[in-house]
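This briefing reviews selected packing features of one protein model. Please keep the sequence and the structure at hand while reading.

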Amino acid sequence: MRVTREQAAENRERIVAAASRLFREKGFDGVGVDAIMDGVGLTHGGFYAHFDSRDALVIEAVTHAMDRSTEKWRKLTEETTPDKRLSKIVNSYLAPDHRDDPGHGCAVPTLAAEIARESAKTRRVFSGRMEQLIDMLAEQYQGLPRKAARKQAMAALATMMGTLVMARVAGNGELSDEILKSGRDAVLGGAGAATKKPVKWAAKPA
């Protein structure tokens with residue numbers, strides 16, 4: 001049966017979403033095209049009707065993941081007063097549910113090390129999306145000049161990313177929770193951050 005243009009577009013979206021999740025869970029080398037296509041109920045041969053190469057899928061999957069993070073942060077800021085937006089972002093990012101669900105979480109801590117070994121085009125795409133996160137984070141540093149705010153945002157994102165990586169390595173017990181709390185304190189300023197509870201990373205899987 002002939003696949004309509006609408007069905008083809010829907011299938012492509014499903015492939016990208018599945019690849020994005022699986023790459024974040026298992027890494028690029030841990031997932032083959034067969035597993036991705038099986039996950040959406042399509043054949044391996046059908047892959048090349050949508051993508052010229054695996055690299056093309058990697059780029060779209062990374063873009064999908066990073067755009068979901070940006071949209072998540074945007075929604076958090078829209079729901080929160082300006083003075084609380086930074087803490088809302090940080091507490092949602094360094095939360096147990098985000099730690100425990102890398103497949104639906106931020107792609108930076110899960111894929112950054114692997115992206116560094118990918119093609120120049122893939123690195124450019126990832127870097128551009130990461131800069132969007134930096135800029136959005138910089139907007140939350142009220143009263144600072146743009147250059148100073150970006151510097152703070154870069155340091156904050158690096159701390160958040162490293163904290164999440166360490167917390168995942170530690171598992172989901174007391175040490176891991178302590179690492180998450182220490183990261184929140186480091187970004188938000190010590191004792192003031194210690195009283196804040198982590199919030200949900202995402203209401204819906206990305």
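In this predicted model, the count of aromatic pairs comes to 4. One of them joins Phe47 and Tyr48.

**Aromatic rings**
- The ring centres of Phe47 and Tyr48 are 4.9 Å apart and the ring planes stand at 85°, so this pair is edge-to-face.
- Together with Phe51, the residues Phe47 and Tyr48 form one aromatic cluster.
- Phe47 has a relative accessible area of 1%; because buried means under 20%, Phe47 is classed as buried.

**Nonpolar core**
- The largest nonpolar core contains 49 residues, and those touching the most other members are Phe23, Ile36, Leu57, Val62, Trp73, Leu137 and Met160.
- At least two residues of this core come from each of α1 (5–26), α2 (33–39), α3, α4 (85–93), α6, α7, α8 (146–169) and α9 (174–188).
- Helix α3 provides the largest share of the core, with 8 residues.

**Packing of α3 with α7**
- Helix α3 (residues 54–78) and helix α7 (residues 120–138) have axes that come within 10 Å and cross at roughly 0°.
- Angles under 35 degrees count as roughly parallel, and α3 is therefore roughly parallel to α7.
- On the α3 side, the contact is made by Val58, Ile59, Val62, Thr63, Met66, Asp67, Ser69, Thr70, Trp73 and Arg74.
- On the α7 side, the contributing residues are Lys121, Thr122, Val125, Phe126, Arg129, Met130, Gln132, Leu133, Met136 and Leu137.
- Sorted by class, this contact of α3 with α7 comprises 11 nonpolar, 5 polar and 4 charged residues.
- Val62 and Trp73 of α3 and Leu137 of α7 take part in this contact, and these three residues are also among the core members that touch the most others.

**Helix α6**
- Of the 9 residues of α6, 7 are buried, so this helix is largely enclosed by the rest of the structure.
- The buried residues of α6 are Ala107, Val108, Pro109, Thr110, Leu111, Glu114 and Ile115.
- These buried residues pack against α1, α3, α4, α7 and α8.

**Gly105**
- Gly105 is located in the loop between α5 (96–99) and α6 (107–115).
- With a relative accessible area of 1%, Gly105 is buried.
- Gly105 and Thr163 are 58 residues apart along the chain, and their C-alpha atoms are separated by 14 Å.

Conventions. Residues are numbered from 1 along each chain as its sequence is written. This is a predicted model: local features need pLDDT of at least 70, side-chain atom pairs count only at pLDDT 80 or more; totals for chains, interfaces and linings use all residues. Side-chain values use heavy atoms; hydrogens and water are left out. Axes are lines fitted to C-alpha atoms, for helices over the stretch in contact, and angles run from 0 to 180 degrees between N-to-C directions. Helices (H or I, at least four residues) and strands (E, at least two) are DSSP runs, numbered from the N terminus. Angles under 35 degrees count as roughly parallel, over 145 as roughly antiparallel, 65 to 115 as roughly perpendicular and the rest as oblique. Contact means heavy atoms within 4.5 Å. Ala, Val, Leu, Ile, Met, Phe, Trp, Tyr, Cys and Pro count as nonpolar, Asp, Glu, Lys and Arg as charged, and the others, Gly among them, as polar. Buried means under 20% relative accessible area, exposed over 50%, partly exposed in between (1.4 Å probe, protein chains only). A nonpolar core is a set of buried Ala, Val, Leu, Ile, Met, Phe, Trp, Tyr and Cys residues joined through side-chain atoms within 4.5 Å. Rings of Phe, Tyr and Trp (its six-membered ring) pair if their centres lie within 6.5 Å; planes under 30 degrees apart count as stacked, over 60 as edge-to-face and the rest as tilted.
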